[in-house]
Amino acid sequence: MKIIVANWKMNPQKGSEAVRLFDSVSKAVLKLKNFNLIFCPPFVWLNSISQKFKKSKNIFLGAQDVFWETKGAFTGEISAGMLKSFGCKYIIVGHSERRWIIGETNQIINKKLAAVLNSGLIPILAVGEKNRDQNFLEFLKNQLEESLGDLSADKIKKIIIAYEPVWAIGTDVPDKPEDTITAVNFIRRFLKEKYGVNNISVLYGGSVNSKNVFEFLKQPEIDGALVGGASLDAKEFTKILKIVS
Ligand code: PGA
């Protein structure tokens, strides 16, 4: 079963558009099988979308970020518990836009991962190199090591990893599937050797669209895709999901 994450980022601009997008995609894919679909709208549209959520075996709600504390004086922040109460099951942690635009460090990401896991939700941990040079696997190793910190193997087992090379996000320049496989295998080997964790799901993200999704997802090593831009276009996204199915 492949996993597809729709990361809407700071879109759409109106609640009515968000509900329309959710409605048209979820209706179009109602009868499709072989994937779990996770919608990650902006926080402010979670409420209206969660009200439209019908019980479905393969469609889930997620969030794009979270704060690491459970409550208190943290102006502007949102806790995992609040997101859970809206029906979120998944939370993206460490997306490259948060790392490189907002300035989130691996240490912050580690605290967020712990908070999500403690609340019983599933983190989707995004990692990825800024540049594809000869040190990129070393870069990934360091990002993983610091982001996971001293989380126990039992906790790490629950995490979904999204491998997203930063240079491939929003650029229309996707990775080559064979290079993604190298990175994904490296991530799996590292998690096994360092934490004794097997069978972790690893997704690919970065300029995924209906033209390239098959090439990525036909690889048994790649468990799914995190889709940004293309998930905002109901027609294009439905096409992607049909191909995945
Ligand atoms: P993109 O974004 O599909 O627009 O490249 C991917 C992502 O959010 O990581």
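What follows is a chat about the pockets, cores and a few residues of one predicted model.

Biologist: Let's start with pockets. How much space lies in the largest pocket?
Modeller: About 480 Å³. Keep in mind that this is a predicted model.

Biologist: Which residues lie nearest its centre?
Modeller: Lys 9, Phe 43, Gln 64, Asp 65 and Arg 98. They belong to a lining of 19 residues.

Biologist: Where does the largest share of that lining come from?
Modeller: From helix 4, with four residues. Helix 4 covers residues 96-102. Helix 2, residues 43-52, also supplies at least two residues of the lining.

Biologist: How does the lining of the largest pocket divide into nonpolar, polar and charged?
Modeller: Ten residues are nonpolar, four are polar and five are charged.

Biologist: And the second largest pocket, what volume has that?
Modeller: About 270 Å³. It is lined by 17 residues. Closest to the centre are Gly 170, Ser 207, Gly 228, Gly 229 and Ala 230.

Biologist: Is Asp 65 buried or exposed?
Modeller: Asp 65 has a relative accessible area of 7%. The cut-off for buried is under 20%. So Asp 65 counts as buried.

Biologist: Which side chains make a polar contact with the side chain of Asp 65?
Modeller: One is the side chain of Arg 98, at 3.1 Å. Another is the side chain of Lys 112, at 2.9 Å. Arg 98 is also among the residues nearest the centre of the largest pocket.

Biologist: What else does Asp 65 touch?
Modeller: Leave out residues up to four places away in sequence. Then Asp 65 touches Phe 43, Leu 83, Ile 91, Ile 92 and Glu 104, along with Arg 98 and Lys 112.

Biologist: Now Trp 68. Where is its place?
Modeller: Trp 68 is in the loop between strand 3 and helix 3. Its relative accessibility is 25%, so Trp 68 counts as partly exposed.

Biologist: Which residues does Trp 68 touch?
Modeller: Ile 108, Lys 111, Lys 112 and Ala 115, again not counting residues up to four places away.

Biologist: How far apart are Trp 68 and Ser 96?
Modeller: They are 28 residues apart in sequence. In space they are 18 Å apart, C-alpha to C-alpha.

Biologist: How far apart are Ser 147 and Leu 113?
Modeller: Along the chain, 34 residues. Their C-alpha atoms are separated by 8.0 Å.

Biologist: And Ser 50, where is that found?
Modeller: In helix 2. A polar atom of the Ser 50 side chain lies 3.0 Å from the backbone oxygen of Asn 47. Beyond four places in sequence, Ser 50 is in contact with Leu 61 and Phe 86.

Biologist: New topic: the largest nonpolar core. Which residues touch the most other members?
Modeller: Ile 4, Leu 148 and Ile 161, out of 65 residues. Helix 8, residues 177-195, gives the most to this core, with eight residues.

Biologist: What is Ile 4 in contact with?
Modeller: Its contacts beyond four places in sequence include Phe 35, Leu 37, Ile 38, Leu 217 and Val 227. Phe 237, Leu 241 and Val 244 are also among them.

Biologist: Which residues of helix 10 are buried?
Modeller: Helix 10 covers residues 234-244. The buried ones are Glu 236, Phe 237, Thr 238, Ile 240, Leu 241 and Val 244.

Biologist: What covers them?
Modeller: The cover includes strand 1 (2-7), helix 1 (15-28), strand 2 (35-40), helix 9 (213-217) and strand 8 (224-227).

Biologist: Last one. What caps the N-terminal end of helix 10?
Modeller: Asp 233. One of its side-chain oxygens lies 3.1 Å from the backbone nitrogen of Lys 235.

Technical notes
Residues are numbered from 1 along each chain as its sequence is written. This is a predicted model: local features need pLDDT of at least 70, side-chain atom pairs count only at pLDDT 80 or more; totals for chains, interfaces and linings use all residues. Side-chain values use heavy atoms; hydrogens and water are left out. Buried means under 20% relative accessible area, exposed over 50%, partly exposed in between (1.4 Å probe, protein chains only). Contact means heavy atoms within 4.5 Å. A polar contact is a pair of N or O atoms within 3.5 Å; within protein, one must be able to donate a hydrogen and the other to accept it, and residues adjacent in sequence count only if both atoms are side-chain atoms. A nonpolar core is a set of buried Ala, Val, Leu, Ile, Met, Phe, Trp, Tyr and Cys residues joined through side-chain atoms within 4.5 Å. On a 1 Å grid over the protein atoms alone, a cavity is a set of points where a 1.4 Å probe fits but cannot get out, and a pocket is an open set with protein on both sides within 12 Å along at least five of seven lines; lining residues have an atom within 4 Å of a point. Grid points are joined across faces, edges and corners, and a volume is the space filled by probe spheres set on the points. Ala, Val, Leu, Ile, Met, Phe, Trp, Tyr, Cys and Pro count as nonpolar, Asp, Glu, Lys and Arg as charged, and the others, Gly among them, as polar.
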